Amino acid sequence: MISTDQARLDFDFICRSLRTTRWAKDRPAAVIVESFKNSLCFGVFAKTSGEQVGFARVVTDQVVASLVDDVFIAEPFRKRGLGKWLMACVVAHPHVARTKSRLGTADAHGLYEKFGYERQEVMRRLPSQSS
């Protein structure tokens, strides 16, 4: 099951999982949880147990632009088509479907290309480090 109900999200599972990723390994749990408040979150849940097994979040203005981030399926549940199903739900969601959507990936280009994403160079700005 895929749900956008944030009340269903298992924050401990998401934080643990993101700590194992290349892109969010140093992101503090408090920052991860705070980022949910400003995002459209998709949880993937096992049919029988209800256990959370995947996640994606989208930052969007719902009209012009969206950024897909933090997409993952837990290792034991990979290779079952769940990532494809998750992305199909993300791009079909009305707050994402009509926007110009971006994402970054180092190794899953083939997955995202199936959903219309194209490889392009993008600029980025890192947050300032204020004291």
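Tutor: Helices (H or I, at least four residues) and strands (E, at least two) are DSSP runs, numbered from the N terminus. Axes are lines fitted to C-alpha atoms, for helices over the stretch in contact, with angles from 0 to 180 degrees between N-to-C directions. This is a predicted model, where local features need pLDDT of at least 70, side-chain atom pairs count only at pLDDT 80 or more, and totals for chains, interfaces and linings use all residues. Residues are numbered from 1 along each chain as its sequence is written, and side-chain values use heavy atoms, leaving out hydrogens and water.

Student: At what angle do the axes of H1 and H2 cross?

Tutor: Helix H1 spans residues 11-18 and helix H2 residues 29-37. Their axes come within 10 Å, and the crossing angle is roughly 120°.

Student: Why is H1 called oblique to H2?

Tutor: Angles under 35 degrees count as roughly parallel, over 145 as roughly antiparallel, and 65 to 115 as roughly perpendicular. The rest count as oblique, and the crossing at roughly 120° therefore makes H1 oblique to H2.

Student: Is Ser17 buried or exposed?

Tutor: Ser17 sits in helix H1. Buried means under 20% relative accessible area, exposed over 50%, and partly exposed in between (1.4 Å probe, protein chains only). Because its relative accessibility is 14%, Ser17 counts as buried.

Student: Which backbone oxygen does the side chain of Ser17 reach?

Tutor: A polar contact is a pair of N or O atoms within 3.5 Å; within protein, one must be able to donate a hydrogen and the other to accept it, and residues adjacent in sequence count only if both atoms are side-chain atoms. At 2.8 Å, the side chain of Ser17 reaches the backbone oxygen of Phe13.
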